[in-house]
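Colleague: I am new to this one. Can we go through the labels and ask what each rests on?

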Amino acid sequence: MEQMAKDFAGKAHFPFMYVREAHPGELFGAHHSIEQKFAHARAFREYGVQRQIIVDSLYGRVHRQYGGVSNMSWIIDHTGRVAYKASWTDVNDIRYALGEVLEIRNVKRAGGRVQA
């Protein structure tokens, strides 16, 4: 995702929503306080995450509102509409879908119409 964020810089935003520790104990334990969760999020910089990191509440309020599934990915288009969602992050699938979303945006901005 870091490379894709660089590839699409200026065309799309790639925030990383830190909802919960995916594999507690592997690098970090499960979160017991919001301070600990923020500390873990800051530590991701050491592992190469350069994107904006948004930290969910300790009990995952946003995560639950967006389905609560592990490793989800969403593309929200320029109008705020959900253009793509996946229950698993697959970089190739996201790259393809994002390309389509951006093409549709360009067609609409040029005055064209798009049909599903």
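Predicted model: local features only at pLDDT ≥ 70, side-chain atom pairs only at ≥ 80, totals over all residues.

Colleague: What makes glutamate 2 and arginine 51 a salt bridge?

Modeller: The closest N and O atoms are 2.6 Å apart. The cut-off is within 4 Å, between a side-chain nitrogen of Lys or Arg and a carboxyl oxygen of Asp or Glu. So the pair meets the rule.

Colleague: Why say that glutamate 2 and arginine 51 tie parts together?

Modeller: Glutamate 2 lies in helix H1, residues 2–7. Arginine 51 lies in the loop between helix H2 (34–43) and strand E2 (53–55). The parts they tie together are 49 residues apart in sequence.

Colleague: Are glutamate 2 and arginine 51 buried or exposed?

Modeller: Both are buried.

Colleague: What makes arginine 95 and aspartate 7 a salt bridge?

Modeller: Their closest N and O atoms are 2.9 Å apart. The limit is 4 Å, so the label holds. This pair links distant parts of the chain: arginine 95 is in helix H4 (residues 91–109), aspartate 7 is in helix H1, and they are 88 residues apart.

Colleague: Why is arginine 95 called partly exposed?

Modeller: Its relative accessibility is 30%. Buried means under 20% and exposed means over 50%. Arginine 95 falls in between, so it counts as partly exposed. Aspartate 7, with a relative accessible area of 38%, is partly exposed by that rule.

Colleague: How do you know that aspartate 77 and arginine 81 form a salt bridge?

Modeller: Their side chains meet at 3.3 Å, N to O. That is within 4 Å, so the pair counts.

Colleague: Why is aspartate 77 called buried?

Modeller: Its relative accessibility is 11%. That is under 20%, so aspartate 77 counts as buried.

Colleague: Now the pocket. What lines the largest pocket?

Modeller: There are 43 lining residues. Pro15, Phe16, Met17, Arg51 and Met72 lie nearest the centre. The volume is about 1,600 Å³.

Colleague: Which elements each supply at least two residues of that lining?

Modeller: Strand E1 (16–18), helix H3 (61–65), strand E3 (73–76) and H4 do. H4 gives the most, with five residues.

Colleague: What is the lining made of, by class?

Modeller: It has 26 nonpolar, nine polar and eight charged residues.

Methods. Residues numbered from 1 in each chain as written. Heavy atoms only, no water. Helix = DSSP H or I, 4+ residues; strand = E, 2+ residues; numbered from the N terminus. Buried < 20%, exposed > 50% of the residue type's maximum accessible area, 1.4 Å probe, protein only. 1 Å grid on protein atoms, 1.4 Å probe; cavity = no way out; pocket = protein on both sides within 12 Å on 5 of 7 lines; lining within 4 Å. Points joined across faces, edges and corners; volume = space filled by probe spheres on them. Nonpolar A, V, L, I, M, F, W, Y, C, P; charged D, E, K, R; others polar.
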